[in-house]
Every structure is written in C-alpha cells, then in structure tokens.
Amino acid sequence: MSQDETHTIDIIGKPSRHKIQEKIVTYFMLLCSSVAILTTIGILASLTFETFAFFQKVSFLDFLFGLEWSPQTALRSDQVGSSGSFGAVPLITGTLLISAIAMFFATPLGLLSAIYLAEYASKNVRAVVKPLLELLAGIPTVVYGFFAALIIAPFLRGGGENVGLVISSESALAAGLTMGVMIIPLISSLSDDVINAVPQSLRDASYGLGATQTETIKEVILPAAIPGIAGSLLLATSRAIGETMIVVMAAGLAANLTANPFEAVTTVTVQIVTLLTGDQEFESAKTLSAFALGFFLFIITLCLNIVALKIVDHYKEQYD
Amino acid sequence: MTDNINILIASSNAKRQSAERSFRVYGIFAIILSLSFLFIMIGSIGLRGATAFKQSFVQIEMEIPSDKIDADNIKRARFGKLLKAALRDSFPDLKSRKEKKQLYKLISSNAEYSIRDQVLQSPEIIGTKAKFWVRASSDVDMYLKGYIDTNIPEDQRRISDLQLSWIGKFQDAGQIESRFNTRFFLGGDSREPEQAGILGAVIGSALSLLVCFLIAFPLGVFAAVYLEEFAPKGKLSRVIEININNLAAVPSIVFGLLGLAIFLNFFNLPRSTPLVGGMVLALMTLPTIIIASRAALRAVPPSIRQAAIGLGASKVQTTFHHVIPLAMPGMLTGSIIGMAQALGETAPLLMIGMVAFIVDVPQGITDAATALPVQIFLWADSPERGFLEKTSAAILVLLVFLIVMNLVAIILRRRLEKRW
C-alpha cells in the first residue's frame with residue numbers, strides 16, 4: 001500500500017515539473033521558427049524605411065516612369081546635372097531583356113531535358129545525367145559571371161564581327177545566355193518532378209488507345225503538367241530577375257533604354273551593387289536609391305514566387 | 001477500300017514513327033547541349049587555372065657583405081639595394097636608367113624580403129657570396145608560361161626584346177626554374193599577381209561559414225522540429241511555412257541589403273567582417289536547413305513515436321530522445337548542402353563590405369576579411385594578365401571545396417541514413 005502511494009506521488013510530482021520545462025522548450029522552438037518571419041519583417045522594414053526616405057528626395061513618379069538613370073550626384077550644387085536622375089525604366093527594361101533572353105534559351109533546353117529524363121531515359125542514363133545537371137546548378141554564380149566575361153562575351157563579339165554584326169563586349173546577349181545556362185537545371189529538375197507527378201494511369205490509357213510515346217507526351221502528359229511547368233518557369237524567371245553576379249560581371253553599367261540584345265544594358269541588381277560598394281555617404285539619394293531598387297526587386301520576385309508556389313501546390317494536390 | 005485504309009495507316013505510321021524518333025533526338029540534343037556547357041566551362045577555367053599552381057623563380061647570385069649587413073640587425077639592412085647591384089653585375093654592359101629599370105622589373109618587387117628572410121634563417125652566409133632563388137615578376141612568369149605572344153610588336157606587349165634576351169641568358173645558365181607556387185595557398189591578397197594568395201580568402205570563408213553554421217543549424221533544426229512535431233496545424237504554422245518557402249526564393253542580394261541596413265547601420269556591427277557575413281549567410285541558409293530537416297523528420301516512421309509515447313514518454317521526450325537522433329543524419333546532410341550554397345554566395349557579401357582589398361589573413365570573426373568567391377570577383381576585375389590565371393585557379397579551389405562538401409553529404413547520407 002505504502003509503496004503504491006509513493007508511486008502516485010512520483011507520478012503526480014514529476015510531470016508538473018516536466019510540464020513547465022517542456023512548455024519552455026516548446027516556446028523556445030516556436031521562437032526559433034519565428035526567426036523566418038522576423039527575417040521577412042526585417043527585410044520589409046529595412047527596405048521600406050530606406051525607400052520611404054528616398055521618395056522624400058525623389059518623386060515616386062519620376063522613379064517609376066523616368067527614362068533616365070544617372071545617380072551621380074555632383075559635389076557642388078551648381079554643376080550640371082547636380083541632382084542626378086533616378087528614372088528606373090532603363091534598369092527595368094534591361095533586367096527584363098536579360099531575363100527574357102535567359103528564359104528563351106533555357107526553357108526549351110530545360111523542358112526537353114526534363115521530358116527526356118522523365119519519360120525516355122533508362123535508369124542508368126538518369127543516374128548519370130541527373131547529378132551532372134545538379135552539378136551545373138551547384139556552381140556558384142560568380143563562376144558563371146567569370147565564364148561569361150572570359151569566354152561567352154568574346155566569342156559572341158568575334159562571331160558577330162565575322163558576320164558583320166556589332167556586338168558589345170558587355171552585351172545583354174552574353175549575360176542572358178550565361179544566365180540561361182545557369183537556369184537550365186532549375187527548370188529541368190522542377191519540370192522533372194512535375195512530369196513524374198502525372199499519374200501513370202493517364203499514360204497507360206493513352207498507350208492503350210494506340211498512341212506512341214511522343215504522342216502521349218505531347219497530347220496527354222504535357223497538357224496535364226502545364227500548370228506545374230508554368231509554376232516552375234515562373235520560379236526560374238524570378239531567379240533570373242534577382243540574379244546578381246552574372247550581370248555584375250558580364251552586363252554593362254550604363255543605363256541604355258534599348259531592346260537590342262547586342263547592346264550593353266544594365267540591370268536593377270547591377271545598379272544596387274554599384275551604388276553600395278565603394279565609398280558611400282548614407283542618407284544621400286544615391287545610396288537610398290539602391291534600397292528603393294532592392295524594395296522593387298523584392299516585391300516583384302515575392303509576387304512571382306507566391307504565384308508560382310501556389311500554382312505548383314495546387315497542381316500537386318490535384319493528383320495526390 | 002480496305003487497301004486504301006491500310007495504305008493510309010501504313011503511311012501515317014511511318015510519319016508517326018519518325019516523329020517519335022525526332023522527338024527523342026531533341027531530348028538527347030538538349031541534354032548534350034546543357035552538359036557541354038558544363039564541360040566547356042569547367043574545362044576552359046581548369047586549363048587557364050592549372051598553370052597558376054606553378055611559379056617561375058630566378059636564381060640570383062649575390063654578395064652578402066658583412067660591412068653592409070649587421071648580423072645583429074639583419075632586418076634593418078637594405079637588401080633591395082644589394083639585389084639591384086647583383087642584377088647589374090650579371091649584365092655589366094647596361095648604361096641607361098631605363099635599361100636598368102627594365103632589368104629590375106624581371107623579378108618580383110618583394111624579392112628583397114624573401115632574401116632577407118633567407119639571410120635571417122642562416123646568418124652564417126653573411127660575408128660570402130650566396131645564391132638565392134627569387135620570384136620572377138608576373139610579366140616574366142606569364143611569358144615563360146607561354147601567355148605572351150612575342151610575335152606582336154614590341155611596344156604592344158608587356159615584355160621588351162631586351163628583357164627577352166636577359167630571360168634567354170638566365171634560361172641558358174639554368175637560372176630559371178618553375179616551382180610549385182606555395183604562396184598561392186599560404187599567402188594573402190596582393191596587388192602583384194605573382195605574390196597573391198588565397199589563404200586570407202579561404203580563412204575568411206571558413207570563419208563566415210562557422211558563424212553561419214553555429215547560427216543556422218540550431219535555429220533551423222529547432223524550427224523544423226517545432227513545425228513538424230509540435231505546431232498546431234493552424235493558421236500560424238501555415239503562415240510560417242509559406243514564409244519559409246518564399247524566403248528560400250528571395251534574391252540573395254536582398255539579404256545583403258538586410259545585412260547592410262540592420263546589422264551594420266542599425267546595430268553598428270563591424271563592417272567587412274566574417275561575423276556579419278556569417279549572420280547574413282545564416283539567414284539565407286535557414287530556409288534550406290529547415291526544409292531539409294523537416295523532410296528528415298517526416299522520414300522517421302510514426303511507429304517510433306507511438307512506441308515511445310506508449311512507454312510513457314512525453315511529447316518532448318519522444319522528440320528529443322528518439323525522433324531527433326534518428327533524423328540527425330538527414331538534418332546534417334541538408335545543412336552541409338546549405339553550407340555549400342552559402343560558400344559560393346557572393347552578392348550579399350559585397351553589400352556588407354567584404355569586398356575590400358585585404359592583405360592580412362584574418363585572425364578572428366571580427367577582423368576585416370574577404371571570402372573566396374569575393375576574391376574571385378575581385379581578381380576577375382583586375383586587368384593584369386597574371387590575375388586571370390589566379391582567378392581561374394581560385395575558382396578551381398572553390399569548386400574542390402564544394403565538391404568535397406557535397407561528397408561528405410552524400411557519404412554521410414549513405415552511411416547513416418536508415419531506410420525504414
């Protein structure tokens with residue numbers, strides 16, 4: 001009897017002490033997971049704060065619709081162009097031009113690779129090719145940037161000279177192509193997952209009706225996988241827009257408003273890097289404009305990501 | 001009638017078969033093209049970088065007069081003057097200052113210090129005539145490695161005909177040697193390509209990654225455990241989850257802006273340091289670690305949890321005594337892959353000022369430092385021919401580090417991970 005009693009006391013006594021400890025542990029872990037939210041809040045707060053300060057110096061409409069970007073503020077106020085001009089349009093078109101070239105190049109290559117790997121390739125081929133493509137994705141972007149400046153740009157320039165085209169050594173084409181190479185594995189691995197998620201029953205039904213493998217892919221699998229593929233293309237676009245090192249090393253610095261891929265253009269990320277490396281005085285419009293560009297970049301990529309992830313999630317649920 | 005249909009089917013079959021074949025070929029072509037970029041990139045950089053592991057040395061015979069060098073105060077002696085005199089002695093027929101200047105340019109500008117160090121090591125050579133191997137200048141090194149075309153006009157190349165004749169004489173006398181370039185691995189950055197090394201950048205990267213791991217690993221693991229094992233499946237955990245997925249796709253330069261605005265300008269942490277670099281990288285790798293850790297936790301079968309709870313363990317005990325140890329290999333491999341990504345990251349480090357020219361090897365996390373990818377970026381920007389080779393070699397070193405980290409992750413996964 002007495003033994004039983006001590007047990008009861010133990011059981012009642014221990015849990016209550018444990019319960020407090022466990023509560024503390026649980027709250028500590030909740031705190032850890034909220035760091036992710038704090039990071040987002042930190043990004044938003046710091047960017048909004050500086051951007052707001054920037055728009056007190058430069059009008060919002062001038063920034064969004066201005067066609068000229070030359071952020072150099074002069075030392076003396078009586079100099080020509082002393083205020084600098086902060087029209088973001090050439091940067092945005094430059095970013096879009098390079099991203100478009102990258103996507104134009106990477107989409108067919110990435111998609112065809114994914115289709116081949118998912119539908120045709122034997123297990124052995126897959127086991128070799130997939131890690132190699134992942135290797136391509138694992139190479140740091142600074143290496144791509146060096147490759148673009150060292151090999152691709154001179155190659156394009158030389159090729160252009162041979163056929164009578166003038167291609168700038170910092171052309172949008174060189175940066176875009178290199179970025180495309182970087183994006184191929186991203187598209188192929190995401191699309192590979194998406195294509196693999198299409199249920200086997202759809203394939204079997206198509207083969208049963210006498211369709212060839214190619215017809216099955218074109219008429220059945222791709223239409224079924226289109227939303228997922230669209231999602232992965234959006235993610236890849238967002239990656240291209242936010243990519244920094246390739247364009248810093250291979251694209252130009254001057255803000256040209258052009259759609260010609262053979263000319264040099266600059267991008268939002270290039271300008272952020274140029275404005276914030278080297279000597280900077282804080283609270284000048286020049287420095288603050290980098291944060292405004294960063295804010296803009298964050299919002300655009302965030303919207304693309306949210307939409308893309310929603311599409312992919314929705315698509316996966318459809319076949320689960 | 002049936003004949004007609006048969007012919008129709010036969011002809012359309014041939015068309016369908018050829019469409020089948022060509023589609024297959026497109027796929028193969030796409031893969032080959034993508035992979036050929038990989039090989040061209042690594043191949044071209046590898047070829048350019050391989051020569052950087054060797055460096056040309058010139059042997060100089062030099063008088064170490066005891067009347068000019070005080071054995072008790074070797075550091076104060078002026079070896080530069082002696083070295084120049086020795087060089088002039090090798091080619092006594094030089095008259096003009098211009099020619100002499102060209103002669104001095106054959107050897108690295110820090111050669112006098114390496115001679116001083118050798119004399120410091122063996123002071124007994126004072127008063128004798130000794131032979132020293134010193135680094136050739138970068139231009140000479142580039143010429144000897146075959147990067148300078150001597151067919152172009154003299155005024156357009158970095159090395160003159162006169163210098164070429166001297167190099168020829170040195171070569172004939174066996175006074176030029178190509179040696180393994182230890183300084184590349186053991187030295188800090190320099191303005192002179194032949195003296196530049198990556199040790200400072202490697203240590204900077206290592207310190208940043210250390211800070212990054214110490215912050216991101218515990219945070220990421222606890223966050224993953226909470227989200228996977230404890231979080232009520234409500235709105236809050238859904239918000240956190242979406243947030244983490246989105247953070248993983250935020251451009252890295254935005255994290256750099258965050259670091260600049262919050263860590264540097266708001267908290268006034270020291271600029272250009274591995275401390276801040278590691279903190280920024282930690283925030284970037286956190287989503288990767290959380291996502292990988294959650295996958296590892298999900299792979300632990302529910303029966304483990306049920307057994308522990310059935311034996312009277314509490315939720316926290318079950319998680320910490322049973323689930324986490326079983327998920328640890330997966331969490332570690334995910335973290336190593338996250339660290340490998342962080343090692344290659346450049347843009348956010350540019351934002352927090354780890355892009356300065358720093359000669360000294362950093363001693364701690366609050367010393368100004370640079371990182372390996374940033375060093376690559378800096379050298380890639382330098383116009384000298386010698387840095388092209390150094391950039392490629394630094395890329396090779398970076399790739400080796402990345403491959404080793406990924407291999408460790410793969411081996412760890414194979415060794416420790418259980419299949420349930």
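Over how many bridges do strand β1 (residues 54-63) of chain B and β3(B) pair? The two strands pair in the antiparallel sense over five bridges. The model is predicted; local features need a pLDDT of at least 70, side-chain atom pairs count only at pLDDT 80 or more, and totals for chains, interfaces and linings use all residues. Residues are numbered from 1 along each chain as its sequence is written, while chains are lettered from A and ligands numbered from 1 in the order in which they are written.

**Confidence**

- The model scores ipTM 0.90 and pTM 0.90.
- The term pLDDT denotes the predictor's confidence in each residue, from 0 to 100.
- Chain A has a mean pLDDT of 87, and 90% of its residues reach 70 or more.
- Chain B averages a pLDDT of 89, and 100% of the residues score at least 70.
- Over residues 1-9 of chain A, pLDDT stays under 50, and the model has zero contacts beyond four places in sequence for this stretch. Two residues are in contact if their C-beta atoms, placed from the backbone, lie within 7 Å.

**Overall form of chain B**

- Chain B contains 16 helices and three strands. Helices (H or I, at least four residues) and strands (E, at least two) are DSSP runs, numbered from the N terminus.
- The radius of gyration of chain B is 31 Å, well over the 22 Å that the globule rule gives for 420 residues, so chain B is more spread out than a compact globule. This radius is taken over C-alpha atoms, and the globule rule is 2.2 Å times the number of residues to the power 0.38.
- Along the principal axes, the C-alpha atoms of chain B fill a box of roughly 95 × 80 × 40 Å.

**The sheet of chain B**

- Three strands form an open sheet in the order β2-β1-β3 (chain B), with antiparallel pairing. Two strands pair if DSSP finds at least two bridges between them.
- The edge strands, each pairing on one side only, are β2 (129-135) and β3 (176-180) of chain B.
- Neighbouring strands of this sheet are turned by 35° against each other on average, direction ignored. The axes are lines fitted to C-alpha atoms, for helices over the stretch in contact, and angles run from 0 to 180 degrees between N-to-C directions.
- β1(B) and β2(B) pair in the antiparallel sense over seven bridges; in β2(B), B:Ala130 stands opposite B:Met62.
- In β3(B), B:Arg179 is the bridge partner of B:Gln55, and B:Phe180 is that of B:Lys54.
- In a regular strand, the side chains alternate between the two faces of the sheet.

**Domains**

- Domain bounds come from an automatic or database domain assignment.
- For chain A, the assignment gives domain 1 (2-57) and domain 2 (85-319). Their C-alpha centres lie 38 Å apart.
- The contact between these two domains of chain A takes eight residues from each of them.
- The side of domain 1 of chain A that touches domain 2 of chain A has four nonpolar, two polar and two charged residues. Ala, Val, Leu, Ile, Met, Phe, Trp, Tyr, Cys and Pro count as nonpolar, Asp, Glu, Lys and Arg as charged, and the others, Gly among them, as polar.
- For chain B, the assignment gives domain 1 (54-180) and domain 2 (199-416). The centres of these domains, taken over C-alpha atoms, are separated by 46 Å.

**The contact between the chains**

- Chain B contributes 63 residues to the contact and chain A contributes 66 residues.
- Helix α1 (residues 2-50) of chain B gives the most to the side of chain B that touches chain A, with 18 residues.
- By class, that side of chain B has 47 nonpolar, 13 polar and three charged residues.
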